[in-house]
Amino acid sequence: MRTTTRVLKYELHNVARSRAVLVYTLFLFLLTDVLFRFGGEGARVVLSLLNVVLLFVPLVSVVFGTMYVYSAREFTELLLAQPVGRRSLFAGLYLGLALPLAGAFLAGVGVPFLIHARPEAGLWGPLAMLLTAGLLLTFVFTAVAMLLAILFDDRAKGLGSAILIWLGCAVLYDGLILLLITMFRDYPLERPVLALTLLNPIDLGRVLMLLQLDTAALMGYTGAVFEKFFGTSVGRITVLAALVIQAIVPLLLAGRVFRRKDF
Amino acid sequence: MTAVASAAPAVEFRALRKRFGRLTALDGVDIRVAAGRVTALVGPNGAGKSTLIKCLLGLVRPDEGSILLGGTPIGTEWAYRSALGYMPQAPRFPDNLTGREVVEMLRDLRGGIAPADVELLDWFGESGALERPVRVLSGGTRQKLNAAIAFLFRPGLLILDEPTAGLDPVASGILKDKIRRVRDAGATVLLSSHLMAELEELAEDLVFLVEGKVRYAGPLSGLKERTGESGLERAMAVLLRRGGA
C-alpha cells in the first residue's frame, strides 16, 4: 500500500504535467464552453456532449495510455530493481495513469457547467450520468491500454491493437449488430442483442445515458430493448456493473501478466 | 573513504537456465562473484549478459537454477533488492519530473534510508540539473543521474550496465574513481562493458559469456596466462576462436 501511494504521488506529478493531458483538458473545456455559448440550455449541452464523451474519451484513454506505458518502460524496470513488490508497483502505475485522465475529463467537462449552467430541473441527473459514463470509460480504456502495453513488447503492435480495439468498439460493433439483426430478422433477437451490448463499453455508456434521458425508446434498438427488458433502474445498475467489470477484468489480466513478465 | 551500509555480499549463480521461446539466453551458468571485488561481465552481443543481470535484479525469472546473495537464495521476495544498486543501460526517466523529484521518488520507495551517499548527486546537480525536467537533459547528464541514483543508497552490491556510455572522458574518470572507492570500502561490483581498456583498469575478475555459457570465469590475470596474450581484447579473441574452454 505504501509503495502504491509513493509511486502514485510521482506518477501523478508526471502525467498531470504532460502536454497531452493539458491539451485534452483544454479541448473538453473549450468544447463544453462553446456548446453553452451557442446552445444555451444545460440539458441540451449534455446531449451534445454525449457522442464526444462516448468516442473521444475512450480514444484518448487507450492511445495515450498505451503510449505512456511504453514510454515508462525503462523507468519501470528501474523501479522494479528497487526493493518494491510488483503488485503494489502495478497498482501505482495504473492509478498514476487513470486518475489524471479522469481528473482531466472531470475538470474539462465539469467546470464549464459550474460556470454557465443555471439550476434547472432535469439537468443534474443527466449531467451526473454523463460524468459517470466518462469516468468509467476512462478507467475501462486505460485498463485496456495497460494490458496491451504490458502484453506486447513491440510498440507498433501494442498501439495498433489499441486503435483497433477502439475502432471496434466505437464503429464496427454497432454495424456488426445491425448486420446480425438484418440477417436473422425472423428470429427473436432481444436477448442476443442485449448480451452483445453488455460486451461493448461504448454501447454501455450510450445506454446508460439514454436510460437517464428517458428517450431510450427513440434512440435505437439496443436502448429500446434495454428499457423494455430491465426497466430504468435495474437497467442502470446492470449497465454500471457491466462497465465496472469491464474495467476490472483487463486490469486483473494486466496485473497477472505484469507480475510474471520477464522485463 | 565511502562507507557501505549493507555488508558486501558475494553472488552465486547456480546452474542458471533461461529460454526465451526458441532462444537459449542462459545455458547452465555457474559463477561465483567474489565479495568486495570488481567483476567484469563480458561477451559478444546476445551472449546473455543482460539476461544474467536481469535475473539477479528479479526482472527476469530464470527457468532453472538459483541465485544466492551472501549465501541466501533470492527467491521471489523483493526485500533483498535493498542491498542492490543498479545502473541500467540507456535509462529513461519520467519526462516531466525534475532530477530532484526522480531522486526523491526513489528515496521514498526505499523508505528514505539515511544517510545517503550524495557525492555523485552533487556532481550531477552542479550546473542546476537537479531542478530541470529530465527530458531537457542531455544523454550524458542523464547518465550522471543514473549513476547518482545507483550509488545513492550505499548498496553492498553494485550492478553497472555500461556505466560510462555517453559520458565525456572527465565524467567517465570521475565515475571510475567512484567505483574504485566503493570497492575499496568493501562493496561488490558487477560491471558490464564493451570498453576493454576500462575493464582492464577497473576489474579484478572476469566472466566471459558466449551463447549463454561461461567460457571463462576467474581473475583477469589468469585469462592472460591461459591465452598467452597480454591485451584483454586479444585474449578474448583467442578464447572465442578456441571454442569450448
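Reader: Which are the buried residues of helix 2 of chain A?
Author: A:Tyr24, A:Thr25, A:Leu28, A:Thr32 and A:Leu35. Buried here means 20 or more other C-beta atoms within 10 Å of the residue's own, exposed means 12 or fewer, and C-beta atoms are placed from the backbone. Bear in mind this is a predicted model, where local features need pLDDT of at least 70, side-chain atom pairs count only at pLDDT 80 or more, and totals for chains, interfaces and linings use all residues. Residues are numbered from 1 along each chain as its sequence is written, with chains lettered from A and ligands numbered from 1 in the order written.

Reader: What's on the face turned away?
Author: Exposed residues, namely A:Arg19, A:Leu22, A:Val23, A:Leu30, A:Arg37 and A:Phe38.

Reader: Switching to chain B, how do the axes of helix 4 and helix 5 cross?
Author: At roughly 10 degrees, with the axes of helix 4 (residues 139-152) and helix 5 (residues 169-184) of chain B coming within 11 Å. These two helices are therefore roughly parallel (angles under 35 degrees count as that).

Reader: Which residues meet there?
Author: B:Gly140, B:Lys144, B:Ala147 and B:Phe151 in helix 4 of chain B meet B:Ala171, B:Leu175, B:Lys178 and B:Val182 in helix 5 of chain B.

Conventions:
Helix = DSSP H or I, 4+ residues; strand = E, 2+ residues; numbered from the N terminus. Axes fitted to C-alpha atoms, helices over the stretch in contact; angles between N-to-C directions. Parallel < 35°, antiparallel > 145°, perpendicular 65-115°, else oblique. Contact = placed C-beta atoms within 7 Å.
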